[in-house]
Amino acid sequence: MIGELEFERPVTELRKKIDELKDITNDAEVDLSSEIEKLEKRLESLETEIYENMKPWDRVQVARHPARPTSLDYIERLCTNFLEFHGDRYYGDDEAIVAGIAEFEGKPITIIGHQRGKDTKENIRRNFGMPHPEGYRKALRLMKQAEKFNRPIICFIDTKGAFPGKAAEERGQSEAIAKNLFEMAGLEVPIICIVIGEGGSGGALALGVGDRIHMLENSTYSVISPEGAAALLWKDAAQAKRAAETMKITAPDLHELGVIDEIIPEVKGGAHRNMDEQAESIREVLASSLAELSSLSGSELVNQRYAKYKKIGKYSFEESLTKAEK
């Protein structure tokens with residue numbers, strides 16, 4: 001099986017038992033079909049019970065699964081004639097971000113996404129999906145080009161965060177992220193953002209200012225990782241599970257808070273179980289969102305985008321005053 005996670009262990013053990021009985025049936029010519037049928041019904045029930053009642057930490061583990069589909073996996077399945085562009089025209093290229101033009105449902109789009117590796121060698125080449133400033137500047141260059149040619153922009157978000165190394169800071173990491181936020185807010189073309197894995201801190205936000213923000217069911221979106229929050233709050237990164245429970249970083253929590261627009265259901269067990277099926281679910285949401293946004297003018301898009309972000313979060317002066325008095 002594909003990298004089973006801790007909370008999936010009962011499902012894994014039952015699957016192994018079913019496979020063992022099937023092997024006995026084939027090798028010893030013993031009819032165990034009734035027992036296998038009972039176990040398969042029990043497996044279906046167990047999968048429903050586990051996967052429909054996942055805890056926040058369970059979703060964090062699925063979002064980080066090494067076999068989870070990446071931006072390029074979805075681009076390959078959703079788009080045709082993808083042409084990747086490289087470089088920011090200032091410093092160099094950053095392989096932690098893939099960006100280019102393609103066709104979606106026969107219409108031209110600009111598509112940008114964080115890209116992590118599938119193995120150690122590729123992860124090192126792509127810096128584990130953590131972009132440098134040149135990655136964000138490359139993304140912005142493509143966004144401005146999309147505006148010039150009136151192409152919708154699709155962003156796939158999947159990063160632990162922007163790379164915090166010395167070289168990245170020297171080249172203006174915070175400025176690059178801030179400029180993306182500023183420029184994306186005013187782009188006069190539709191922007192659709194989808195969190196497909198981990199959406200971490202400013203590294204995710206730099207591709208996350210859009211007209212529609214969607215999340216895969218088992219993805220996460222947060223200002224800090226559960227380990228980081230635990231280290232700050234309780235001086236113990238091992239309390240990550242506890243932090244995940246309180247941080248409201250999962251798709252259901254963020255949808256309830258109004259931070260995201262829609263949750264995209266995942267294949268039972270996670271997107272890595274069936275990439276093709278998962279891509280089709282994303283296709284439906286993308287097509288629907290593009291259809292809704294395509295009729296709006298540039299100024300209407302900007303105004304609605306402004307209103308969308310302005311209403312996120314709540315502040316009560318009276319409540320703050322009461323807390324201050326206490």
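I take buried to mean under 20% relative accessible area, exposed over 50% and partly exposed in between, with a 1.4 Å probe and protein chains only. By that cut-off proline 69 is buried, with a relative accessible area of 0%.

**Entry 1. Basis of the work**

I note that this is a predicted model, in which local features need pLDDT of at least 70 and side-chain atom pairs count only at pLDDT 80 or more, while totals for chains, interfaces and linings use all residues. Residues are numbered from 1 along each chain as its sequence is written, and side-chain values use heavy atoms, with hydrogens and water left out.

I read helices (H or I, at least four residues) and strands (E, at least two) as DSSP runs, numbered from the N terminus. I count a contact where heavy atoms lie within 4.5 Å.

**Entry 2. Proline 69**

I located proline 69 in the loop between α3 (56-63) and α4. Neighbours within four places in sequence aside, I listed the contacts of proline 69 as Tyr74, Arg116, Asp158, Ile196, Ala271, His272 and Met275. I also looked up the separation of proline 69 from alanine 240: the two are 171 residues apart along the chain, and their C-alpha atoms are separated by 24 Å.

The axes are lines fitted to C-alpha atoms, for helices over the stretch in contact, and angles run from 0 to 180 degrees between N-to-C directions.

Helix α4 (residues 71-78) packs with helix α13 (residues 275-293) at an angle of about 70 degrees, and the axes are 10 Å apart. That makes α4 roughly perpendicular to α13, given that angles under 35 degrees count as roughly parallel, over 145 as roughly antiparallel, 65 to 115 as roughly perpendicular and the rest as oblique.

On the α4 side I found Asp73, Tyr74, Arg77 and Leu78 in the contact, and on the α13 side Met275, Asp276, Gln278, Ala279, Ile282, Arg283 and Leu286. I sorted these residues into six nonpolar, one polar and four charged. For that sorting, Ala, Val, Leu, Ile, Met, Phe, Trp, Tyr, Cys and Pro count as nonpolar, Asp, Glu, Lys and Arg as charged, and the others, Gly among them, as polar.

**Entry 3. Aromatic pairs**

A pair of aromatic rings is described by the distance of the centres and the angle of the planes. I paired rings of Phe, Tyr and Trp (its six-membered ring) if their centres lie within 6.5 Å; planes under 30 degrees apart count as stacked, over 60 as edge-to-face and the rest as tilted. By this rule I count two aromatic pairs.

Phenylalanine 7 and tyrosine 51 form an edge-to-face pair, at 6.3 Å centre to centre and 85 degrees between the planes. This pair links distant parts of the chain, 44 residues apart: phenylalanine 7 is in the segment before α1 (9-28), and tyrosine 51 is in helix α2 (residues 33-51). Phenylalanine 7 is buried at a relative accessible area of 14%, and tyrosine 51 is buried at 7%.

Tyrosine 74 lies in helix α4 and phenylalanine 156 in strand β4 (residues 153-159), so the pair ties together parts 82 residues apart in sequence. Both tyrosine 74 and phenylalanine 156 are buried.

**Entry 4. Cysteines**

How many disulfides does the structure hold? I found zero disulfides, a disulfide being a pair of cysteine sulfur atoms within 2.5 Å. The sulfur of cysteine 79 is 12 Å from the closest cysteine sulfur, that of cysteine 155, which is too far for a bond. Cysteine 155 is in no disulfide, and the nearest cysteine sulfur, in cysteine 193, is 4.7 Å away. Cysteine 79 counts as buried at 9% relative accessibility, and cysteine 155 counts as buried at 0%.

**Entry 5. Glutamate 134 and isoleucine 97**

I placed glutamate 134 in helix α6 (residues 133-148) and isoleucine 97 in strand β2 (residues 97-104). Glutamate 134 is buried at 4% relative accessibility, and isoleucine 97 is buried at 0%. The two are 37 residues apart in sequence and 9.3 Å apart in space, C-alpha to C-alpha. Leaving aside neighbours within four places in sequence, the contacts of glutamate 134 include Asp88, Tyr91 and Arg171.
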